[in-house]
Amino acid sequence: MLEQIREILLLHNGKKNPITSAEIAKSLGIVEDDTHAQTRALILECAEKYELPLAANNRGYYLISDQQEYEEYMANLDSRSAGIEQRKRIITKNYRGTK
């Protein structure tokens, strides 16, 4: 199955040519709920196994095609990580304030 996912992803090079996890699941005959958790886990496993420069956005998955896409995706991940850290600080502060 990972080889099939690899073949699908190789057809989706660049940010302007994404594919959704739902489309990948449908191509593979995977039936699951709207979160597509199993498919997303397989996609990540595929990227790791085949060393694919995989990125994702709100439109789907794609292979990074150039330095600009790489830098944009890294900035996006950094921003998301910073947002998670901020939420952790707020929740920790609020939780400790209730004790």
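Predicted model: local features only at pLDDT ≥ 70, side-chain atom pairs only at ≥ 80, totals over all residues.

Me: How many helices and strands does the protein chain have?
Reply: The secondary structure comes to four helices and two strands, arranged along the sequence as α-α-α-β-β-α. Helices (H or I, at least four residues) and strands (E, at least two) are DSSP runs, numbered from the N terminus.

Me: Is the protein chain more spread out than a compact globule, or what does the radius of gyration give?
Reply: The radius of gyration is 17 Å, well over the 13 Å that the globule rule gives for 99 residues, so the protein chain is more spread out than a compact globule. That radius is taken over C-alpha atoms, and the globule rule is 2.2 Å times the number of residues to the power 0.38. The C-alpha trace spans about 55 × 35 × 25 Å along its principal axes.

Me: What share of the residues is buried?
Reply: Buried residues make up 30% of the 99 residues. Buried means under 20% relative accessible area, exposed over 50%, and partly exposed in between (1.4 Å probe, protein chains only).

Me: And what share of the contacts is between residues 24 or more positions apart?
Reply: Such pairs account for 51% of the contacts with a separation of 6 or more, where contact means heavy atoms within 4.5 Å.

Me: Next topic: how many salt bridges are there?
Reply: The count comes to four salt bridges, a salt bridge being a side-chain nitrogen of Lys or Arg within 4 Å of a carboxyl oxygen of Asp or Glu.

Me: Which residue does Glu-72 pair with?
Reply: Glu-72 meets Lys-15 in a salt bridge, at 2.6 Å from N to O. This pair links distant parts of the chain, 57 residues apart: Glu-72 lies in helix α4 (residues 67-97), and Lys-15 in the loop between α1 and α2 (21-28). Glu-72 is partly exposed, at 31% relative accessible area, and Lys-15 is partly exposed as well, at 32%.

Me: What about Lys-88?
Reply: Lys-88 forms a salt bridge with Glu-85, with the closest N and O atoms 3.5 Å apart. The two residues are separated by about one helical turn because they are three residues apart in helix α4. Lys-88 counts as partly exposed at 46% relative accessibility, and Glu-85 is partly exposed at 36%. Elsewhere, salt bridges that share partners join Glu-3, Arg-6 and Glu-7 into one network.

Me: How far apart are the atoms in the bridge between Glu-3 and Arg-6?
Reply: In that salt bridge the closest N and O atoms are 3.5 Å apart. Glu-3 and Arg-6 are three residues apart in helix α1 (residues 2-10), so about one helical turn separates them. Glu-3 is partly exposed at 37% relative accessible area, and Arg-6 is partly exposed at 24%.

Me: Turning to the strands, in what sense do they pair?
Reply: Strand β1 (residues 54-57) and strand β2 (residues 60-63) pair in the antiparallel sense over four bridges; two strands pair if DSSP finds at least two bridges between them. A hairpin of two residues joins β1 to β2, and Ala-55 has Tyr-62 in β2 as its bridge partner.

Me: Which residues touch the most other members of the largest nonpolar core?
Reply: Of its 17 residues, these are Ile-5, Leu-9, Ile-24, Ile-43 and Leu-54. The elements giving two or more residues to this core are α1, α2, α3 (37-49) and β2. A nonpolar core is a set of buried Ala, Val, Leu, Ile, Met, Phe, Trp, Tyr and Cys residues joined through side-chain atoms within 4.5 Å.

Me: What does Ile-43 touch?
Reply: Not counting residues up to four places away in sequence, Ile-43 touches Ile-5, Leu-9, Ser-21, Ile-24, Leu-54 and Tyr-61. Ser-21 belongs to helix α2 and counts as buried at 13% relative accessibility.

Note on methods:
Residues numbered from 1 in each chain as written. Heavy atoms only, no water.
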